[in-house]
Protein chains: 2
Amino acid sequence: MSDNLVISIDAMGGDKSPRVVIEGLALAAKKHPDAKFLLFGDETQVSAILKEYPELSAVCKLRHSPEVVHNDDKPSAVIRNRNTSMYMAINAVKQGEAQAIVSAGNTGALMAISKLTLKTIQKIHRPAIVSIMPHRTGRYVMLDLGANTECDALNLAEFALMGNILAKHALNITRPRVALLNIGAEEMKGKEEIHQAVKIIKNSHLDIDFIGYIEPHEIPEGKADVIVTDGFTGNIALKSIEGTAKLMVRLIKDAVKKSFLAKLGLPFMLGVGLNIKKTMDPRLYNGAMFVGLNGLSVKSHGGTDALGYSVAVGNAINLVRQNFVSTIRDELETVDLDELSQEILYDAY
Amino acid sequence: MSDNLVISIDAMGGDKSPRVVIEGLALAAKKHPDAKFLLFGDETQVSAILKEYPELSAVCKLRHSPEVVHNDDKPSAVIRNRNTSMYMAINAVKQGEAQAIVSAGNTGALMAISKLTLKTIQKIHRPAIVSIMPHRTGRYVMLDLGANTECDALNLAEFALMGNILAKHALNITRPRVALLNIGAEEMKGKEEIHQAVKIIKNSHLDIDFIGYIEPHEIPEGKADVIVTDGFTGNIALKSIEGTAKLMVRLIKDAVKKSFLAKLGLPFMLGVGLNIKKTMDPRLYNGAMFVGLNGLSVKSHGGTDALGYSVAVGNAINLVRQNFVSTIRDELETVDLDELSQEILYDAY
């Protein structure tokens, strides 16, 4: 296995590429000495920086790509351009040269090209975007975070299945608690597709510890390990959480600035600040994973630094090491969610 | 006007009723000496507590109601029971004896009975739940927060109209900036009904400063004064914001507990803590308003204290004083949103 662990890298994606990408890879390579990297990007630029990192260079192969996907490019405009570093990096996974691809570039383009090139796993209808996030005492995964604005019950059930496997592999939880995001705990609260998804999950005999609905304010308490929702709602929840965390930090900073006494007290609070930072630092949760494809696509934040980028690469390495994609395929062998959902939908009429 | 300012009170709603209700009214009466209160509740219980507040008693009338709506009552089970304090308090608004009703009881029942009794304003299709919330430098209103799980474009446009008037009256903003909550800034991001709502609002010639889409993480920055969304999304955003704010406070407390040094520094930080509390204290934002009805219904948190309850009552008094309900009616006289939405929807096919 370890001979084989190759991660494909879009070296040109991200705000400060290729420098931050390579600095991040250098950190990742130290932590995962068995991983190899296949880089796609401007040969002159990338090799100049690579030279500064001889240990990393030893586990890298670089291939020239003449073009770059920009952040303001529409996915439809770049999806068939085979000369971009993003396309070439994804294609390396399709060709079996690598098992996962990491990019800090344009999210929409990365999803569009990944879908077109890697194709969705048979029996999965829609790939999803997943992130690992912090709660009070640990971590959870949430999906979908924006790949699918509208989802039906079957999509949600498939997300539950994939999220369950992801939590086992990425969070090392033997039996993850899986919940559907909703606006109330009562059975009839929320939308019809959520109620139908409950039926599909319960009737599927999937080996999932399904705990029912969860409301957003219960997430930080650590009530569930996998939060399942449609891409619109997930994106709203994610950005509300991020925005509020930032607001709180800002309010504290503003208040400290205004108070002479608080400034005096700052040295005492250093440990507290570091502790919160260690829990909430967005770099430690970098790397949204596109799941449901034949191959893993990982999206790093465009503005992250080397540490953040190395976390995204680490996510990719861990999931590849644990055969994440084939585990999903195996579980789908044992159950036909599609047929099940048809039965349940007919039942409703 | 001031002779006439009467607020109807469901004295039995809420976790610690009627005591907290009456303590809250005593605070509100001090702040708003021109307001009168019409209370509905158990005569023996309520009058016993009222006696402790002679100044409040002078501006209160108490009417006996033999029954109470409980928190676990289904709205459908209590909606036609005319003997509950909630029903009788709402009915007083219908009868013209009061201009608004405040309850800390069962939200679903309050909305159901308010709709049935007060009726929706002509030309408004769906009433909405609105709250006032804090951002970094001020306050904003957001609607709908849960009355309507699914909304069409016309509903959203009506929420924009009502939210605009509410922000003028409740936040004293001359020209509120109104935005639609979405998952991206680009025109085609998000759901079809959101795109259609933009067209209706823009073509309506309503006097609204419509600034387009807002993403949840931009809300705390104070980018808009009115945030418009469907009830499912609004509820998800609201609870995500509340949950994260609580998590942050909790993380800080946990970290301080673990650190001897931080405990020493606590006295220096007292001012900072008070400052944050002053900005984020949920009691100061208590009182969700049901708008779009012929009369105003205000829902206090069931678990709030006297200060929180007095804020909810204050919201009701302010909006009544400014003729909130008739302003909505007047603005609707000048525009037929319904007809406009028909045109735009035909246009789309």
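Let's start with helix α11 of chain A, residues 306–321: this helix has 16 residues and reaches 22 Å from its first C-alpha to its last, close to the 22 Å expected at 1.5 Å a residue. (The expected span of a helix is 1.5 Å times one less than its number of residues.) The labels come from DSSP: runs of H or I with at least four residues are helices, runs of E with at least two are strands, and both are numbered from the N terminus. Keep in mind that this is a predicted model, where local features need pLDDT of at least 70, side-chain atom pairs count only at pLDDT 80 or more, and totals for chains, interfaces and linings use all residues. Residues are numbered from 1 along each chain as its sequence is written, while chains are lettered from A and ligands numbered from 1 in the order in which they are written.

How much of α11(A) is buried? Because 12 of its 16 residues are buried, α11(A) is largely enclosed by the rest of the structure. Here a residue is buried if 20 or more other C-beta atoms lie within 10 Å of its own, exposed if 12 or fewer, and partly exposed in between, with C-beta atoms placed from the backbone. Among the buried ones are Gly308(A), Tyr309(A), Val313(A) and Leu319(A). Just after the helix, Asn323(A) takes a positive phi of about 55°.

Tyr309(A) leads us to another part of the chain. Leaving aside neighbours within four places in sequence, Val20(A) is in contact with Gly14(A), Asp305(A), Ala306(A) and Tyr309(A); two residues are in contact if their C-beta atoms, placed from the backbone, lie within 7 Å. Val20(A) sits in helix α1, residues 19–31 of chain A, and counts as buried because 22 other C-beta atoms lie within 10 Å. Val20(A) and Asp305(A) are 285 residues apart in sequence, yet their C-alpha atoms are 6.0 Å apart in space. In the loop between β1 (6–10) and α1 of chain A you'll find Pro18(A), and a cis peptide bond with omega of about -5° joins Ser17(A) to Pro18(A).

Now hop over to α6(A), residues 107–118. This helix has 12 residues and reaches 16 Å from its first C-alpha to its last, close to the 16 Å expected at 1.5 Å a residue. α6(A) is mostly covered, with 10 of its 12 residues buried. What do those buried residues pack against? Their partners in chain A are α4 (75–78), α5 (85–94), β4 (100–103), β10 (288–291) and β11 (296–299). Just past the end of α6(A), Lys119(A) has a positive phi of about 65°.

Take a closer look at one of those partners. Two packed helices are described by the angle between their axes and the distance between the axes. The axes of α5(A) and α6(A) come within 10 Å and cross at roughly 35°; axes are lines fitted to C-alpha atoms, for helices over the stretch in contact, and angles run from 0 to 180 degrees between N-to-C directions. Residues of α5(A) including Met86(A), Tyr87(A) and Ile90(A) take part in this meeting, as do Ala109(A), Leu110(A) and Ile113(A), among others, of α6(A). By class, the contact has 8 nonpolar, 3 polar and 1 charged residues. (Ala, Val, Leu, Ile, Met, Phe, Trp, Tyr, Cys and Pro count as nonpolar, Asp, Glu, Lys and Arg as charged, and the others, Gly among them, as polar.)

Most residues other than glycine have a negative phi, and most peptide bonds are trans. Asn172(A), not a glycine, has a positive phi of about 60°, and lies in the loop between α7 (153–171) and β7 (177–181) of chain A. In chain B, the peptide bond from Leu143(B) to Asp144(B) is cis, with omega near 0°.

Finally, how do the two chains meet? In all, 45 residues of chain B are in contact with 45 residues of chain A. On the chain B side, α9(B) gives the most, with 20 residues.
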